[in-house]
Amino acid sequence: LLMAAGLLLRTLRNYATENLGMQTEGLLAFGVTPQGQTDDNILYRTLSDRLRQLPGVESVSMAAMRPGSGWSDNSGLIIDGVEKKGENLRSNIVGPGFFHTMGIPILAGRDIAESDTQNTEQVALVNETFVKKFLSKTNPLGHIVNGSFGGNSHITIVGVVRDSKFESVSEEPMPMAYYAAMQLPSMGSTLQIEVRVRGNAMAM
């Protein structure tokens with residue numbers, strides 16, 4: 001029993017000190033499911049604007065899948081029109097300022113912006129594992145990638161972000177793309193709202 005308890009405590013300590021690639025302290029996450037015939041874009045823009053006005057809120061964003069939930073979207077991969085056979089691309093749909101809010105460092109390029117809408121060129125950010133595996137000998141910005149983003153095969157890479165844990169603490173990094181939520185006609189039944197706050201997140 002003592003040996004098993006010791007191993008369990010060591011495992012828990014390793015998980016507690018694992019580098020997640022993001023800043024979890026001061027981060028509040030909750031899901032929102034629109035009701036009735038609601039325009040998703042208007043609802044989430046209004047909700048984000050109102051949350052930003054609350055005292056103590058530093059930034060607000062959203063994601064189709066919350067990091068740590070155990071879920072991910074995986075699809076085939078095409079880069080610059082060339083299919084990467086046997087390769088999988090993990091993806092998520094995220095809102096403006098997602099990486100700033102999550103505390104995930106941007107290594108090159110930019111974050112998803114408020115100006116990334118349905119009327120602008122569709123964009124994506126990819127993680128450093130994606131770049132090391134597929135674009136290590138070139139500037140990744142400006143390359144074209146596609147995954148499961150509304151069937152569009154012309155999505156421009158505008159940023160590179162540091163690897164971060166997604167499904168679980170113990171996972172190994174894999175190539176990942178992040179698409180701009182506000183460029184979709186509809187963002188799905190539920191979105192996960194991410195709020196960066198000063199002080200106690202649960203009190204907020």
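# Questions about the model

Guide: The protein chain exposes about 10900 Å², of which carbon and sulfur atoms supply 53%; such accessible areas come from the Shrake-Rupley method with a 1.4 Å probe, and for residues only the protein chains shown count as cover. This is a predicted model, in which local features need pLDDT of at least 70 and side-chain atom pairs count only at pLDDT 80 or more, while totals for chains, interfaces and linings use all residues. Residues are numbered from 1 along each chain as its sequence is written, and side-chain values use heavy atoms, with hydrogens and water left out.

Visitor: What makes up the secondary structure of the protein chain?

Guide: It comes to 4 helices and 12 strands, where helices (H or I, at least four residues) and strands (E, at least two) are DSSP runs numbered from the N terminus. Residues 24 or more positions apart account for 79% of those contacts in the protein chain that have a separation of 6 or more, contact meaning heavy atoms within 4.5 Å.

Visitor: How do you know what span is expected of helix H2, and what does H2 reach?

Guide: The expected span of a helix is 1.5 Å times one less than its number of residues. Helix H2 (residues 40-52) has 13 residues and an expected span of 18 Å, and the 18 Å from its first C-alpha to its last is close to that value.

Visitor: Which residues of H2 are buried, and why can they be put on the same side of it?

Guide: Buried means under 20% relative accessible area, exposed over 50%, and partly exposed in between (1.4 Å probe, protein chains only). In H2, the buried residues are Asp 40, Asn 41, Tyr 44, Ser 48 and Leu 51. They cover an arc of only 110° around the axis, and therefore lie on the same side of H2; the arc is that of the directions from the helix axis to the C-beta atoms. The cover over the buried residues of H2 includes strands E1 (27-32), E2 (57-63) and E12 (191-197), whereas the face turned away from the buried side carries the exposed residues Ile 42 and Arg 50.

Visitor: What makes a set of residues a nonpolar core, and which residues have the most contacts inside the largest?

Guide: A nonpolar core is a set of buried Ala, Val, Leu, Ile, Met, Phe, Trp, Tyr and Cys residues joined through side-chain atoms within 4.5 Å. The largest one has 18 residues, and those with the most contacts inside it are Phe 98, Phe 99, Ile 104 and Tyr 178. Two or more residues are given to this core by each of helix H3 (98-102), strand E8 (123-127), strand E10 (155-161) and strand E11 (176-180). A second, separate core of 15 residues includes Leu 77, Val 131, Phe 134 and Leu 135.

Visitor: Why is the pair of Phe 98 and Tyr 178 called by the name it has?

Guide: Rings of Phe, Tyr and Trp (its six-membered ring) pair if their centres lie within 6.5 Å, and planes under 30 degrees apart count as stacked, over 60 as edge-to-face and the rest as tilted. The structure holds 4 aromatic pairs. In one of them, Phe 98 and Tyr 178 lie 6.2 Å centre to centre with 35° between the planes, and the pair is tilted. It links distant parts of the chain, with Phe 98 in helix H3 and Tyr 178 in strand E11, 80 residues apart.

Visitor: And what makes the pair of Phe 99 and Tyr 178 the kind that it is?

Guide: The ring centres of Phe 99 and Tyr 178 are 4.8 Å apart and their planes stand at 85°, so the pair is edge-to-face. Ring pairs link Phe 98, Phe 99 and Tyr 178 into a cluster.

Visitor: How do you know whether Phe 98, Phe 99 and Tyr 178 are buried or exposed?

Guide: Phe 98 counts as buried at 1% relative accessibility, Phe 99 counts as buried at 1%, and Tyr 178 counts as buried at 3%.

Visitor: Why is Asp 80 described as it is, in phi and in accessible area?

Guide: Most residues other than glycine have a negative phi. Phi of Asp 80 is near 50°, a positive value in a residue other than glycine. Asp 80 lies in the loop between strand E4 (78-79) and strand E5 (82-83), and its relative accessible area of 39% makes it partly exposed.

Visitor: What makes Thr 129 count as buried or exposed, and what is it in contact with?

Guide: Thr 129, in helix H4 (residues 128-134), counts as buried at 16% relative accessibility. Leaving aside neighbours within four places in sequence, Thr 129 is in contact with Asp 163, Pro 173, Met 174 and Pro 175.
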